[in-house]
Amino acid sequence: MPMVMPLPTEDDIEGDNDKRRGDNKHQQSTMLFIGRELCFLFAIGITTYAAVINLESNSSKGPPATPFFKRGSVVWDFYHGELTDALFHGVERDFAFIMYYAPWDAESQAVRGEFEALANQYYKQIYFAAINCWHPGGQCKQTLNKVQKFPKFVAYITHENGIEYKGPRNVEHMSRFLDVLIRPLHRIHNNNELLKLRASHNAVFVGYINFDRIIGGPAYRAIYEAALKLVELNVIKEVTFAVVTSQLTADYMGVDSTPVFRMYLWNETKEYNGLHVGENLVRWVVRNIHQVTVWLTPPGIKSLTLAPYISDGPVLIMFTPTLSFQNYDMLREIALEYYNCQKHQSVSLLARYIAYHLEEKILQLKHLDIVCEKQKSKEENFNIPVQIINQPWNNSSFVKNRKQSKLGWADSICQLGANKQTISTTSLFADKDHLSANSLTKFYWQEICRRHLLSKPPKLNHISYQTPLDSTFTGLACQTNKTVTLLAMDSDENAHFADGLGVDLSRRKDHTAVVLFNANLELLHVLKREVSRQSLVQFLQDYTAGKLERFLRTEARKSRPINRYALPSTNTTNIIQLPEITTGTFQTIVLNNSQNVVVFYHSPYCAFCHGISYVYLTIARLMHNVPDLLFTRLDGESNDLPWEYTVHHYPSILFFPARRKAESRAFPTNLQLTVNNLAQFVLANLNVELRLLGMLDLCRRWNDKQSLDKRRDCIDEVRRSCLNSISDTLTNYRVVITRYPFSKNRHQTLQRLLHRLHYLKTLHLFLGTAHNETHLTVEFLKYFKTESDFNWTKTINRFHDEL
């Protein structure tokens, strides 16, 4: 049977149309949303592309690279940053010393002269190069992009890794670094040579290696690598490395079999039993070394170099120049006896030998001075050939020929014969042969003298090793619980450390000073006598016995402090100058019984101190007419005070009242330091007479015509306070008359009260007729002196002795 479909009605047709219209609207809204998102993303893409294009077009390529060193310098200057070229030329030499610099860097510019002077001394043995590691597009900039500080000095040895130099950047220290780099190992032949090394170093690491059948082998390789590594870790060379290459010598020195590694310390000898690997040797040495003295070399940035020693207890620091070996060796000799608790004879003998060896070195240097002076005075200049002369400058940065440096006695003490070609020689003409024994001997002495005179040898004092130390000093470190750690620092590089402790090294002989401080107890002692063996020993003995007095740092600020407050006037009398208190003037100024003194404790490192200085200076300016009231400042960072006058934080404000110094007051820490709060604090600590004058002086804040009403209100407030004080004084007068009729001091007390009443009455009457005066306090004091029969100074002193 066929199906019959019903015909749609009008409502059905209308519903279908509404549904279609709804679907169309939904599709349209969806398309609109997608279109807006696409437009937004397209706009972001166009903006980003335009920004990149604009940045590239506007970015500066920087100025063109220019040579950092002068033309003709012995330093190869790769100022375009050609890292590969620089290292390629360095590989051709056994040793290379490279300076990575930035031309704009101030430190790089300051060290440039030192580096070139060093190159003039060692250019025959070491390849010197400087690479601009900041030039945009340069190979060094792209390869070594993690260099964060310039300049950076790295030494390279053939077939070895680079060794960074981290010591002081001057000729003297860098030359010592290169000398150790050229000869990291000492060859010793007997016990005497070993003893000399122990006299010059805190620890000696010796490798006993048999060279009869094989040259070195893994053992020699290991000790050589360890020596180079410790050159980088130990700038002052507290540890030295040596080798014994003969089995006979080893047998004579008590070593039966080889290879053997031993480290000789001040009181014992340790033997290494690990693998013959350089890194293992370095770790073993660092872990097992212990020494009686330590030469500290802070890195020049914030570090914890001193922290481990300070936290352990009292520390003695000798500030002395590094090149002045005499003082440090003297400290080592004293330290050996100081720590010789078991009184071992071997330790005492080593201490005696250090003193003997020190005198021997002093005599040798004095002899060297004489020899070098004779060499300097010779008229005949001895010329030495140089292997590389007029070699083309194989550098794309500079295509000119490289000129050899000329060093003569006039400018560099020794003349090394510039512009000489290599000469073929024969032994038949030894006098003219530059490679003969006589010529090489002369050249050797020339090199020794040149380096000796250029190294600025220190002034040496004669020390007699025949005078032994006091026997009671031996083992002093273990007799009490006041054991002192003995340190040394370079006074030329670390003068700011001594300055922070209150010691001016420029005023000390040979820039040498000794300080002893205990950070836990905040005690500081300074050796006031000239540094010598006897004075150092006595200094340690006095500290152990508790005889040393605490050293108080005192220093006036070298820069002009923030202690001037200028009024808006050209008159110089409106500038107030606050006294800067030091440790030496604290007693005479602050503790002066006739004055009320306000002290502002500050520190140059306290930013908040500078921020609130204007509050303190405002009050000091407004109240500077009050008699017997003095505002001062004290740099607490540079001036030490007795414990009872020391504050624990900065800034701090203390008020020392006249005739009652023991009742000093501190500005409350829970109050905000404002002009009003500080004024109330000062007024509250003054007696009645000076308090009213202070209030009157504060009314000067409203001296301008726009503030006349506030000025009158302020003066009226002072008058009301004056009336209240008169009422209180009359009450006290009646109390004395009625309650103390037979008191011994009754008459004196009544006289003081009458003096006060006379003063208060005069002030009250004056304020009633002097509203138009600019300086009310000054005018009142003049008026009081003329109207009163009493002398102001005597009167105010009586006011200080209140009931």
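Searching the whole structure, a predicted model, turns up three cavities of 30 Å³ or more. Here a cavity is a set of points on a 1 Å grid over the protein atoms alone where a 1.4 Å probe fits but cannot get out, and lining residues have an atom within 4 Å of a point. Grid points are joined across faces, edges and corners, and a volume is the space filled by probe spheres set on them. The largest cavity comes to about 70 Å³. Of its 13 lining residues, the closest to the centre are Arg198, His201, Asn202, Arg332 and Leu350. Domain 2 (184-291) and domain 3 (293-378 + 439-551) both contribute to this lining, so the largest cavity lies between them; the domain bounds come from an automatic or database assignment.

Now for the charges and rings. A charge sits over a ring if NZ of Lys or CZ of Arg is within 6 Å of the ring centre and within 35 degrees of the ring normal.

| Charged end | Ring | Distance to ring centre |
|---|---|---|
| lysine 141 | tryptophan 134 | 3.7 Å |
| arginine 550 | tryptophan 643 | 3.8 Å |

As for burial, phenylalanine 97 has a relative accessible area of 0% and phenylalanine 128 one of 2%.

Note on methods: Residues are numbered from 1 along each chain as its sequence is written. This is a predicted model: local features need pLDDT of at least 70, side-chain atom pairs count only at pLDDT 80 or more; totals for chains, interfaces and linings use all residues. Side-chain values use heavy atoms; hydrogens and water are left out. On a 1 Å grid over the protein atoms alone, a cavity is a set of points where a 1.4 Å probe fits but cannot get out, and a pocket is an open set with protein on both sides within 12 Å along at least five of seven lines; lining residues have an atom within 4 Å of a point. Buried means under 20% relative accessible area, exposed over 50%, partly exposed in between (1.4 Å probe, protein chains only).
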